[in-house]
Amino acid sequence: MDTTSLTSAQKDELMDQVKQQVAVAQAQELLGKMTEKCFRKCINKPGTSLDSSEQKCIAMCMDRYMDSWNLISRAYSARLQRERSNM
């Protein structure tokens, strides 16, 4: 795609669309990894339903995973902002 013929508003819109697509892809990756890791950790014998200990383990695992993800994301964003301001 040749972006030289786009107006500034069109370039901004295109950039927003790309950012949204990246955000969706990252969210899907996060969910997939979280599901895989928590399943491996919490489910010993897959069956038709989860018992109460498995449900609790899954809930706690996902909470911890999301808390960790948020902490890392905030730290990474802060680092990027510091690096940009030092340029």
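Helices here are DSSP runs of H or I with at least four residues, strands are E runs of at least two, and both are numbered from the N terminus. One thing to keep in mind is that this is a predicted model, where local features need pLDDT of at least 70, side-chain atom pairs count only at pLDDT 80 or more, and totals for chains, interfaces and linings use all residues. Residue numbers start from 1 along each chain as its sequence is written, and side-chain values use heavy atoms, with hydrogens and water left out.

Let's start with the packing. Two packed helices are described by the angle between their axes and the distance between the axes. In this model, helix α1 covers residues 8-42 and helix α2 covers residues 52-85; their axes come within 9 Å and cross at roughly 140 degrees. (Axes are lines fitted to C-alpha atoms, for helices over the stretch in contact, and angles run from 0 to 180 degrees between N-to-C directions.) That angle makes α1 oblique to α2, given that under 35 degrees counts as roughly parallel, over 145 as roughly antiparallel, 65 to 115 as roughly perpendicular and the rest as oblique.

Which residues of α1 and α2 make the contact? From α1 come L30, K33, M34, K37, C38, F39, K41 and C42, and from α2 come E54, C57, I58, C61, M62, R64, Y65, M66 and W69, with contact taken as heavy atoms within 4.5 Å. Sorted by class, the contact has 12 nonpolar, no polar and five charged residues. (Nonpolar covers Ala, Val, Leu, Ile, Met, Phe, Trp, Tyr, Cys and Pro; charged covers Asp, Glu, Lys and Arg; the others, Gly among them, are polar.)

Now for the charges. Side chains of opposite charge can pair when their charged atoms come close. How many salt bridges does a search of the whole structure find? It turns up three, each being a side-chain nitrogen of Lys or Arg within 4 Å of a carboxyl oxygen of Asp or Glu.

Take E29 and K33, whose side chains meet at 3.1 Å, N to O. Both sit in α1, four residues apart, about one turn of the helix. E29 is partly exposed at 44% relative accessible area, and K33 is partly exposed at 39%. (Buried means under 20%, exposed over 50%, and partly exposed in between, with a 1.4 Å probe and protein chains only.) K33 also belongs to the contact with α2.

Also in α1, E36 and R40 lie four residues apart, about one turn of the helix, and their closest N and O atoms are 2.4 Å apart. E36 is partly exposed at 45%, whereas R40 is exposed at 55%.

Over in α2, R79 and E83 are likewise four residues apart, about one turn, and they form a salt bridge with closest N and O atoms 3.0 Å apart. E83 comes out partly exposed at 37%, and R79 partly exposed at 48%.

Finally, the loop. N44 lies between α1 and α2 and is exposed at 70% relative accessibility. Its C-alpha is separated by 8.6 Å from that of E54, 10 residues apart along the chain, and E54 is one of the α2 residues in the helix contact.
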